[in-house]
Amino acid sequence: MNIVLCGMMGSGKTTVAAELHGAYSLEWTDTDEEIVKRHGEINKIFADFGEERFRDMESEVVKDVSSRCKNAVISLGGGCVLRAANVTELKKNGKIFYLRTQPETIISRICGDTSRPLLQGDLEQKVRSISAARSAVYEQAADYIIDTDALTPAGIAQKIMEIALR
């Protein structure tokens with residue numbers, strides 16, 4: 001079974017995946033990194049082709065990664081589960097963990113990060129808006145929800161492993 005991490009940008013998916021990889025020797029794939037390897041920088045994809053084409057590329061990567069990864073960690077881009085087909089694909093060989101994080105925590109983590117195309121402009125307003133729009137989608141996609149605000153990455157990883165090993 002794959003451990004699939006979803007949630008808002010800045011929720012700690014990549015950091016927790018790295019923790020699971022290091023502490024538990026699990027293979028790890030990041031869908032955004034796969035997109036960059038195959039197609040180039042995400043900001044450039046958004047600028048040149050738009051969000052819809054990026055989401056198509058993301059879906060291609062999800063299908064590939066989901067089918068070839070076994071007992072691995074897959075960290076997703078923040079909008080990956082917006083497409084129901086991606087959720088269906090990921091659940092074929094995995095359980096989805098939603099790293100639920102409050103907007104205030106996300107804002108403090110990503111303040112100054114210019115690599116996120118959907119957050120250009122008023123960061124606080126954008127994070128709150130995207131979080132409000134996506135929270136129900138994340139909850140619906142998730143097999144398990146982990147509230148992350150008061151936990152360290154190691155604590156989150158430990159919680160995930162406790163659940164995964166049941």
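Student: In what order do the elements of the protein chain run from the N terminus on?

Tutor: Happy to start there! This is a predicted model, where local features need pLDDT of at least 70, side-chain atom pairs count only at pLDDT 80 or more, and totals for chains, interfaces and linings use all residues. Residues are numbered from 1 along each chain as its sequence is written, and side-chain values use heavy atoms, leaving out hydrogens and water. With helices (H or I, at least four residues) and strands (E, at least two) taken as DSSP runs numbered from the N terminus, the order is β-α-β-α-α-α-β-α-β-α-α-β-α.

Student: What is the radius of gyration of the protein chain?

Tutor: This radius is taken over C-alpha atoms, and the globule rule is 2.2 Å times the number of residues to the power 0.38. For 166 residues the rule gives 15 Å, and the chain comes close to that, so it is as compact as a globular protein of that length; its radius of gyration is 15 Å.

Student: Which strands stand at the edges of the sheet?

Tutor: Two strands pair if DSSP finds at least two bridges between them. The five strands form an open sheet with parallel pairing, in the order β2-β3-β1-β4-β5. Each edge strand has a single partner, so one side of it is left without a neighbour in the sheet; these strands are β2 (27-30) and β5 (144-147).

Student: How many bridges join strand β1 to strand β4?

Tutor: β1 covers residues 2-6 and β4 covers residues 94-100, and the two run parallel. Asn2 stands opposite Gly94 in β4. The number of bridges joining β1 to β4 is five.

Student: Are α2 and α4 roughly parallel or roughly perpendicular to each other?

Tutor: Axes are lines fitted to C-alpha atoms, for helices over the stretch in contact, and angles run from 0 to 180 degrees between N-to-C directions. Helix α2 (residues 31-39) and helix α4 (residues 51-68) pack at about 110 degrees, with axes 9 Å apart. Angles under 35 degrees count as roughly parallel, over 145 as roughly antiparallel, 65 to 115 as roughly perpendicular and the rest as oblique. The two helices are therefore roughly perpendicular.

Student: Which residues of α3 meet α4?

Tutor: Helix α3 (residues 42-49) packs against α4 at an angle of about 130 degrees, with their axes 7 Å apart. Contact means heavy atoms within 4.5 Å. On the α4 side are Glu51, Arg53, Phe54 and Met57, and the α3 residues that meet them are Ile42, Ile45, Phe46 and Phe49.
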